[in-house]
Every structure is written in C-alpha cells, then in structure tokens.
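Visitor: Hi! Could you walk me through this one?

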Amino acid sequence: MKTESVLEKVLAAGHLAVTSECGPPRGAVPEKIREKADILRGYVDAINVTDNQTAVVRMSSFAACLIIKQMGLEPILQMVTRDRNRLAMQSDIIGAYSHGINTMLCLSGDHPCFGDHPMAANVYDLDSIQFIQMVRKMRDEGKFQGGDDILNPPKMFIGAAANPFADPFELRVPRLAKKVKAGADFIQTQCVYNVEKFEKWMEGVRERGLHEKISILAGVTPMKSVGMARYMKNKVPGMDVPDELVKRISGVPKDKQAEEGIKICVETIEHLREVDGVRGFHIMAIEWEQKVPEIVERAGLYPRPKI
Amino acid sequence: MITAERKPLDEIIDYIKPFSRILLVGCNECVTVCAAGGRKEVGLLSSALQMAFMKEGKVLDVKELTLERQCDPEYVEELVPLIDQVDAVVSMACGCGVQEVAKRFKEKPVFPAVNTKFMGASERQGVWAERCQGCGDCVLGMTGGICPVARCSKRLLNGPCGGSSNGKCEINPEVDCAWQLIWDRLKSLGIEKTYEEIVPAKDWRTSRDGGPRKIIREDLA
C-alpha cells in the first residue's frame, strides 16, 4: 500500500470501487455539506469534494473535506491548478494530510470564463500532469516540487481525470499513458453516456496494458429530465450524449423522466462493470445526491465492502 | 509584432479635456502594420479630436508626428523641438513607446491612445491573433511550432484538457484548440510519439513572474 486511503484498499482488495461527489455550498453553511455527505454514508467508499467547480466560488474543497472527515467518512480532495500556484497547492496538500485527508484528485479546472468571476486572473502555474508529478514526488521522495525535504511527507492516493469523449480522440489513450507515467493511481472519467465510444477507448487502454497500472472508475451521471439531457449534449464542453438517449428520455412522460434517467444510469453501470479494466464507478448525481443510494443498490454495488 | 487597438474616442477626450495644445505621436513600427497608431491613424485621430473639441465650442491645437520607432530614445529626441509648444502628449504607440516618451519628457503629461494587446501575427486582412507570450524559454521546438503557452487558454504543456471539441477550445468556438493544432502538426511531421514525453513544470522566472526583465548584451553594451 502506498497510502492509508480507503479507496486504495478497496481497489487493492479487488472490489469494484464506488465514489460519489458533493459540491460545497456557496456560503458558510457547513450543515449543507453534512446533509449531502450523510445521504452517501455507507453507499460509497469515498466522496469527492469539488474545488470551485465550473469556476464558481464555493466553500473550499479542503474545508468541506474536513467536515466530511469529521463525520467519519472518506473525502477525496479535488484540487484545480486554475486558482493556485505550486506554493498554495503544496501547503494545502500538507494541510489536508495533517487532518487525515489522504486521497485527492488532480485537475486543471474549468476556465474562469465559465464561472462567476470571469474577470479573475487564471493561474495555471502547473498543468494536471505536472500536478500529479508534484504530488507523487511529495509522497514517494518526500520532497517539495522545489526540491526541499518535507517533514512527514503527505501520502496521497493520487487521482486524475480522463475524458474519452474529448477531441482529438486518438490522443486520449496517449494522454492517459502520460498521467500513468506521471504517477496517477486512479482515474475518474467524464460521465459515460456514449458507451460504445467509451469501450473503444478502453480497448486502446487495454492494448497498452494501462488498465493494469491504473484503476479506472467510470463516471456516470443520472439525467433528471430531457431538458438536462439536451443541456448536457449541447452546452457542456467535452460531453457526449448520443441522440438515442435524448430520444429515450423524451419518449416517456415528464413525471417519469427522472426514473428513466436513473434506469439508464443503472443499466450503464451494469454494462460497464463487465468491461475489462473498469475497476469501479464514480457517480456524479449533480444536486441529486439523494438518488445515489438507490443507484448503488439497484446496480448491485451494495453493500460496500468493510475495509 | 506587437498589436494594439485604438482606445474609444471618449476615453482619449477625457484625458486631454484640460488641455488645448497636444502633440499626437504615432509610431512607424508594429502599430502601423496593425493599423492602430501609424501616420494614417494619427491623422484620423487628430481630426476626430479637433471636431469633438469644436462641438464643445473649444479649440484644440494638434501637432502630429510619427516617429520611426517610438520605443527607441534616439527617435524620441525628434520630439524635442515640438514639446515646448504643447501642454500634453498623446501617444499612439504601444506601451513601450508611451513609456519612452514619458521618460524623456518628465514635465509633460503623456497619455496612451491605444490599448496594447499582444504579440501576434496577421491571420488575414484585418485579423491578428496572439502567438507568443514572451515566456523567455521557448517551447516551440517540442510542440511542432505551435505555442501552448500563448494559444492554449489554460497554457497546458502536456496536452489538451477535456474541453477540446472539434478542434475548438471550450472557451469559445472561435478559438482553435492549440493542442489539436499541435497534435495535427506532430502527426504530419511523423513525431506524434514525442507527445508522450512529459514536459516538466515550467520555470516561470524567465517570464514576467521573475519580475521585470532585462537583456544585457555585454558584447554590445
């Protein structure tokens, strides 16, 4: 074991891992995080906490992770390179680790132009791959990015993202290979709706044996309505929602669309768990956390292993 | 070249409202090429300012001069015979030119008439696009001659983010994804394998992050 991470242990024991996520509140309302995390208790192995997602200011991921940790749950600290330079990132990482947070997800982050402060300077001192390298160096060499020794180095289980649906498609496997080489331990993918394309990507991943070097958790997000399906299809960059899926949801009455969305999500999990190299699922139920337990149960991923 | 765009007329008028005699100085280099502050634009702005003053019942005396290179002290000297005849200077050069004039004539207010934009190239008639950020440690040798520092919205050095779609950047469908361009170019050179070499964290000291920069050439100084 490289770390104390529960996620690492679940994966090492050969279980399909299940993670989900909480978006922190837009204000000093810690009870909101507690409510969301409580819903997930017992149904997931770890909970991602987003870092100013879509470039909108929220309670810091670190602070919200701490609240979740204090509840006896396992948070995954998401961190983007958009808002912090390498000094700020490393100090937050040792700070988080000092509070027992031992799993993180290294991202570049959405561009500020999407958020509530489009006028802000973006940092991007590092990109996501250099970020992974830095966290690995902190863990395995006990050194800061600048080269100095760290007292009690943070042992983080290192996650990264992959989007098999972004362009250029043929570069997406080589890009994963770079993240593996940089030192990522697990991957959470963009939401999978286009299963065929995902499988094609996985084929490329297996051809290079990357699935044996990194644990891939397939991302899934249940659709609440046909409106959401259309929005995801047309407005969210890097999202691939096939027409058949939009048609399927629009084909049921409005009050049944949410149920149809859940059904699709469960079917997707059932299908993907058979794909060689898929080691678990990252269920992103955006502002719909209350549905995660149902999805986990219906997909046959409950109960979660006791580690 | 350094590109620039003329400021809105009202902003320039605001600067010079208190004065009645100005020196309007153009530059014959980059801002001429990008049609922001050359001789022609000096003439146009001069007329526009005089008309605006006339509408207010005031008179504006404008002396016009376009220097060969406003960022070069040698050429800025050409302003000496005119400077005492004016209350203020309006420069149509890039920020470098404005500062050279301000440095030379400490007693005269100097105002910019253009917004300096970026180091770029002409894409077609009337269109310029950013190409270089002057990071001080050129990476073009490993990126197929396309700069991710200047042309990727997140200045990513190791490949495209998840927002690259149909060759375009997620921030705007008008913006090319730099990494799509790099990938295409590496492929056409037959060296796409080099993409998998990790580019380590950049040392930004050679860029603005290291403080204001200076080049000293001992052989020439």
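Visitor: In chain A, what share of the contacts between residues at least 6 apart in sequence join residues at least 24 apart?
Guide: That share is 77%, where contact means heavy atoms within 4.5 Å. Bear in mind that this is a predicted model, where local features need pLDDT of at least 70, side-chain atom pairs count only at pLDDT 80 or more, and totals for chains, interfaces and linings use all residues. Residues are numbered from 1 along each chain as its sequence is written, chains are lettered from A and ligands numbered from 1 in the order written, and side-chain values use heavy atoms, with hydrogens and water left out.

Visitor: Got it. How many of the 307 residues in chain A are buried, as a percentage?
Guide: Buried residues account for 59% of them; buried means under 20% relative accessible area, with a 1.4 Å probe and protein chains only.

Visitor: And what size of box do the C-alpha atoms of chain A fill?
Guide: Roughly 60 × 45 × 45 Å, taken along the principal axes.

Visitor: Which three residues of chain B supply more of its buried area than any other three?
Guide: Lys154(B), Glu196(B) and Ile198(B), which supply 24% of the area that chain B buries against chain A.

Technical notes:
Buried < 20%, exposed > 50% of the residue type's maximum accessible area, 1.4 Å probe, protein only. Buried area = accessible area lost by both parts, 1.4 Å probe.
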